[in-house]
Amino acid sequence: MDQLKDIIRDIPDFPKKGIVFKDITTLLSDAKSFHRMVDLLAHRYVGEKIDQIVGIEARGFILGSALAYKLGTGITLVRKPGKLPYNTRSISYELEYGSDTLEIHEDAFKPGDKVIIADDLLATGGTMAAVVDLVKQFGAEIHECAFMAELEFLNGREKLPEGKVFSLLKF
């Protein structure tokens, strides 16, 4: 895991002073590391009956698509308002710096579908908590919230269902 963590680049003072941004693009662009990261994450779910992977805009699409491919499932996209072409359900939520809204197609799941919600990074947990609520509106079961990396010091997992969070890399 340390080899994968070491590939992720720190960008000081981005997007504002005092923040050290974890730039995952260095891991994504390294074929061997990207492949290893996806394999390690997908291995956790081999043999589970997963109906759908949910990918959160935008970097969650990358991780979610790779997981869906490895697990032989489809991927459902959660996007910003106005980006999905069919009828949608939406959820608005508060962030540290304001509010945001996300949408999903209204026919995304059937009650009882078992889903993994995937995103690149768990920070404060606000976006993932909103997506968990949105998915639950369908009666779908959250198998797990899966992340490539987690910033543990921000305590984001406290906002998510207990025992349903997995992060491959922890900072």
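Is D23 buried or exposed?

1. D23 is buried, its relative accessible area being 10%, where buried means under 20% relative accessible area, exposed over 50% and partly exposed in between, with a 1.4 Å probe and protein chains only. The model is a predicted one, in which local features need pLDDT of at least 70 and side-chain atom pairs count only at pLDDT 80 or more, while totals for chains, interfaces and linings use all residues. Residues are numbered from 1 along each chain as its sequence is written, and side-chain values use heavy atoms, with hydrogens and water left out.

2. D23 takes part in a salt bridge with R9, in which the closest N and O atoms are 2.8 Å apart; a salt bridge here is a side-chain nitrogen of Lys or Arg within 4 Å of a carboxyl oxygen of Asp or Glu. This pair links distant parts of the chain, since D23 lies in strand β2 (residues 20–23) and R9 in strand β1 (residues 9–12), 14 residues apart, strands being DSSP runs of E with at least two residues, numbered from the N terminus. R9 counts as partly exposed, at 40% relative accessibility.

3. A salt bridge also joins the side chains of D113 and K110, at 3.7 Å from N to O. D113 counts as buried at 10% relative accessibility, whereas K110, at 56%, counts as exposed.

4. E150 and R157 form a salt bridge as well, with 2.8 Å between the closest N and O atoms. E150 is buried, with a relative accessible area of 2%, and R157 is partly exposed, with 31%.

5. By the salt-bridge rule, the count comes to 11 salt bridges.

Note on methods:
Helix = DSSP H or I, 4+ residues; strand = E, 2+ residues; numbered from the N terminus.
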